[in-house]
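We will go from stop to stop, selecting as we go.

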Amino acid sequence: MEYKNKFIDNMREFENLKNLINTIFISNSSLPNQVFHKEFTNYLFKEFDFTMTDEFWSEIRELANKTNDDFIIMAVLDPDPITYYFKEFGYFNWVKLEISITPDQYLDILNFSPEDSPADSIFVNSYTVVWASPSMKWGIWAEREKEVCVIAFSEKMYKDSLNPILNNWRPIDNEVTDWIGLNYKNFTIPKDVKDKLFLNYKSGY
């Protein structure tokens, strides 16, 4: 499979996808601040590294089937898709992932890099990444430096039907904040960061 063809290289298509992304996410925000627009709630968390696994792809592909999406948008927000990635390589670090691709193909796409620049694969060079349902029923925000990802849903009706798929995800709790705390001095999350996370994401399952 020619994986480069999976990446967005057309500016009009990029702008259309960007509009969709910006409907779900507050793209200039970051944790512990709110990163979802108010229509998206029922937050659940996992470790960031989980998003880079075949198991993650199996789960979100099942989500997409439940929400009748033919593909999932994977978009890197940091490093910047225009001023860095498109400028340097002529295409964006954004991909439309058809739900027909296998877990191994998902890993191959994560590891695909521009010619002569292996350090610029999504697997290596991604600090903020989102995965979005084109029907805008759910979205996942991930931050490498915070060691977590968080999913949110646009409709409470999905709570019961999707919960079995996400049974290893956690509502905001002390275990989640412990993951984040690993990035701070003495591996302890500052109280103000912890308080803000609970304030913004306490409406878990």
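Is K191 buried or exposed? K191 is exposed, with a relative accessible area of 62% (buried is under 20%, exposed over 50%, partly exposed in between, with a 1.4 Å probe and protein chains only).

Some ground rules. This is a predicted model, where local features need pLDDT of at least 70, side-chain atom pairs count only at pLDDT 80 or more, and totals for chains, interfaces and linings use all residues. Residues are numbered from 1 along each chain as its sequence is written, and side-chain values use heavy atoms, without hydrogens and water.

Stop 1: D195 is partly exposed at 40%.

**Stop 2: strand β3.** Select E98 and K6. Their closest N and O atoms are 3.1 Å apart, in a salt bridge. E98 lies in β3 and K6 in the segment before α1, 92 residues apart. K6 is buried at 19% relative accessible area, while E98 is partly exposed at 32%.

Now select K96 and E13. This salt bridge has its closest N and O atoms 3.4 Å apart. The pair links β3 to helix α1, across 83 residues.

**Stop 3: the whole chain.** Zoom out. The chain has seven helices and six strands. Buried residues make up 50% of its 205 residues.

Methods
Helix = DSSP H or I, 4+ residues; strand = E, 2+ residues; numbered from the N terminus. Salt bridge = Lys/Arg side-chain N within 4 Å of Asp/Glu carboxyl O.
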